[in-house]
Amino acid sequence: MKLTSLSLSAVVLATASLLSTGAVAQEAGATVAAIKKRGELVCGVSQGSAGLSLADKNGQWHGLDVDVCKALATATLGSPDKVRYVPLSSQQRFPALQNGEIDVLSRNTTITSGRDSGIKITAPAIVFYDGQGFMVPKKLGITSAKDLNGAQVCVQPGTNNEQNLVDWFTAHKLEYKPVVIENLVELEKAFYAGRCDVYLSDKSTLAASRSARADNPDDFVILPENINKSPLGPWVRDNDSNWIAIVKWTVNALVAAEELGISSSNVDSFAQSKDPQVRRLLGLDAGIGKSFGLDEKWIYNIIKNVGHYGEIWERNVGLKTPIKLERGLNAQWSQGGLLYAPPFQ
């Protein structure tokens, strides 16, 4: 059948009518509807990675990934406390998301083309520009990854780490022996007990592990090489455009708030701001919230309760924490980093 310009116009108008009446959007908002009906956001996190997602002795979860969960709960439910955290292994994480056991996976998970295109999930935003590397006991005297020929390497199965390990050693014509352990806690115990020479993971994970698991963190060094780029972000199912947009723009809001200088401690002082960007971001001028099906003050609530990106970074992995990470690529674009939020308008 050949569409004439008239019939094509009719199709466009009919589609626009459906969108305006919400007939198409109803299914797209199913995730938020389920979250609101349940009264809590179900967030998949790691089994324990200091600075990213780790439960304390009282069962309270903390970390950069955890704060992303709190921001999303605040956006949808108005409170950072309405979250149920589900610790997941590397092999459990994607099935749990695909099967609807969790609403979002916020678990130091690398964004790759294969994951984004092949298993019906997607990562709407990057929250951490990371890279994978190697950690070794200082007593081995190794200063470069190129000195690792014949090493025993602890690695989790079903991760990018495992493939990157093969790729890197093959490219550098080095031999190695993998020590494959699925459970992260057991893997770290094996490394610190000396069952393997090398621990391969994202450098953020290595720094977190060293600070939290090693009896003496100074006994271990992270080698200088990055063997890949490892952008980390929250993951959702790819069949709900509304939820994908909310996750994306929640992360953008954290970045934009820092750029504009709006923090948890001073957000109320912007109530009379004349800056159009500030007014839109904080819901002082209506429109942004409605476009997502959220309260107009959803971003104000996030900033007030969770803070902006810089606050989240500094309290979880910054230089004053045991993790001691520089901002580096995770600084604002205006300060030499890669953080850049598109406009809210």
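**Disulfides, salt bridges and the domain interface**

Cysteine 43 and cysteine 69 form a disulfide, with their sulfur atoms 2.0 Å apart. A disulfide is taken here as a pair of cysteine sulfur atoms within 2.5 Å. The torsion about the S-S bond of cysteine 43 and cysteine 69 is about -50°, so this disulfide is left-handed. The pair links distant parts of the chain, 26 residues apart: cysteine 43 lies in strand 1 (residues 41–45) and cysteine 69 in helix 4 (residues 64–77). Helices (H or I, at least four residues) and strands (E, at least two) are DSSP runs, numbered from the N terminus. Two disulfides are found in the whole structure.

The model is predicted; local features need pLDDT of at least 70, side-chain atom pairs count only at pLDDT 80 or more, and totals for chains, interfaces and linings use all residues. Residues are numbered from 1 along each chain as its sequence is written, and side-chain values use heavy atoms, with hydrogens and water left out.

The protein chain is divided into domain 1 (30–129 + 232–263 + 306–331) and domain 2 (131–228). These bounds come from an automatic or database domain assignment. The domain centres, taken over C-alpha atoms, are separated by 25 Å. In contact (heavy atoms within 4.5 Å) are 19 residues of domain 1 and 17 residues of domain 2.

The two domains bury about 1500 Å² between them, and carbon and sulfur atoms give 47% of this area. Buried area is the accessible area (1.4 Å probe) that two parts lose on being put together, summed over both. Gln47, Ser90 and Gln91 supply 30% of the area that domain 1 buries against domain 2, more than any other three residues.

The rule requires a side-chain nitrogen of Lys or Arg within 4 Å of a carboxyl oxygen of Asp or Glu. Helix 5 (residues 90–98) gives the most to the side of domain 1 that touches domain 2, with three residues.

The whole structure holds eight salt bridges. One of them joins lysine 189 to glutamate 186, with the closest N and O atoms 3.8 Å apart. Lysine 189 and glutamate 186 are three residues apart in helix 8 (residues 184–192), so about one helical turn separates them.
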